[in-house]
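Dear colleague,

I am handing over the structure below, and after it you will find some notes on what turned up in it. Please read them with the model open beside you.

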Amino acid sequence: MKQNVAILALAAALILAALNMPASVTDPLSAFLRDAVAPLSGALARAPRLLRRGAPGAGDPGALAEIARLRVALRQTQALERENQALRRMLGLATQSARRLIAAELSARDVNAWWQSARLNKGARDGLALDMPVITPDGLAGRLVRVSRTTSDVLFLVDPACRVAARIVRPDAFGIVRGLGVSARGQAACRMEYLPKDVRVLPGDDVETSELGGLYPPGLLIGRVRRVRLDDSGLYQTAEIEPAANFRSLALVFVMDTAADAEEGRP
C-alpha cells in the first residue's frame with residue numbers, strides 16, 4: 001500500500017512539473033502514468049476472480065478493505081491522467097497565442113447560476129482587468145466583469161446578459177451573439193441575431209468574434225451553427241449557436257491580456 005501511495009505522490013509531482021515542460025517531455029510522463037496505473041488495474045481485475053473462486057481470505061474484511069483502497073487509488077491516478085491531458089491542451093494554446101495568456105482556475109461557482117458566471121483565483125495583482133476575454137482551448141468562454149486584487153468574476157458567453165459582435169466565417173456574415181442560458185435538455189446555447197436574410201448560413205458553420213465589437217480580438221471561436229430561421233420580423237435570420245467551450249465542466253481557463261493591442265492602437 002505504501003508503494004501505491006508513493007506512486008500517486010510521484011505522479012502528482014510530475015503533473016505539476018509538466019506545466020513548464022514541452023510536449024516532448026510530457027509525452028514520456030504520460031506514458032509513465034499509464035504504466036503506474038497498470039499494476040493497480042491488474043490487481044483490481046484479479047480480485048473479483050479470486051473472491052469468486054473462494055481464494056484464501058475471500059471473506060476476510062482486511063482483503064475487502066484492500067480491494068476498496070486499490071479502487072480509490074486507481075480512480076485517483078486516472079483523475080491525475082485526465083488533469084495531465086487538460087493541462088497539456090492549455091499549454092499548447094499558450095504557446096500558439098500571440099497575446100499574453102494568464103492561466104486561472106475556477107475557484108467557485110454558484111449552484112443557482114452555474115451557467116452564468118464563476119470566480120477565478122487570479123486578480124489585479126496578476127495583471128487581470130475588466131472586460132478581458134476568458135478563453136479555453138476549445139473557444140471563447142466569456143469576459144471579466146469584476147476584478148479584485150486576488151480574484152475575478154467571469155460572465156459566461158451563454159449568459160443572456162452577454163453580447164458579442166460575431167462573424168460567420170464561411171459566408172462572411174456579421175451579427176450579434178447573445179447567450180440563451182441552458183435549455184430544458186441541459187444544453188448551453190447562444191443565438192446569433194441580425195444576419196442578412198439573403199445570406200446562406202448552414203448548420204456546422206464556424207462562428208468567430210469579429211473586429212467590430214471592440215471588446216474581443218477577432219478570430220476567437222465562439223461555436224458552430226446548429227440551426228437557422230427567419231426572425232419574427234422577416235427582415236433578418238437568426239442562428240442557434242452551439243458554444244465551442246464546455247461550460248458544464250470548466251476548471252482551467254486563460255484570461256487574454258489585450259492591453260498590448262490598446263498600446264499598439266495609440267498614436
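Strand β3, which covers residues 133–135, pairs with strand β12, residues 252–256, in the antiparallel sense over two bridges, where strands are DSSP runs of E of at least two residues, numbered from the N terminus, and two strands pair if DSSP finds at least two bridges between them. Within this pairing, Ile135 stands opposite Phe254 in β12. Both strands belong to a closed barrel of six strands with antiparallel pairing, in the order β1-β2-β5-β4-β3-β12. Its neighbouring strands are turned by 45° against each other on average, direction ignored, the axes being lines fitted to C-alpha atoms, with angles that run from 0 to 180 degrees between N-to-C directions.

Before going on, please note that this is a predicted model, in which local features need pLDDT of at least 70 and side-chain atom pairs count only at pLDDT 80 or more, while totals for chains, interfaces and linings use all residues. Residues are numbered from 1 along each chain as its sequence is written, and side-chain values use heavy atoms, with hydrogens and water left out.

Strand β6 (residues 163–168) and strand β7 (residues 173–182) are joined in the antiparallel sense over six bridges, and Ala165 has Ile176 in β7 as its bridge partner.

As for charged pairs, the structure holds 12 salt bridges, each defined as a side-chain nitrogen of Lys or Arg within 4 Å of a carboxyl oxygen of Asp or Glu. One of them links Arg226 to Glu240, with the closest N and O atoms 2.6 Å apart; because Arg226 lies in strand β10 (residues 221–230) and Glu240 in strand β11 (residues 236–243), the pair ties together parts that are 14 residues apart in sequence. Salt bridges that share partners join Arg226, Arg227, Glu240 and Glu242 into one network. Another salt bridge is formed by Arg146 and Asp153, whose closest N and O atoms are 2.9 Å apart, and Asp153 is buried at 7% relative accessibility (buried means under 20% relative accessible area, exposed over 50%, partly exposed in between, with a 1.4 Å probe and protein chains only).

Finally, a search of the whole structure finds zero disulfides, a disulfide being a pair of cysteine sulfur atoms within 2.5 Å. For Cys162, the nearest cysteine sulfur is that of Cys190, 7.5 Å away, and Cys162 is buried, with a relative accessible area of 0%.

Note on methods: Helices (H or I, at least four residues) and strands (E, at least two) are DSSP runs, numbered from the N terminus.
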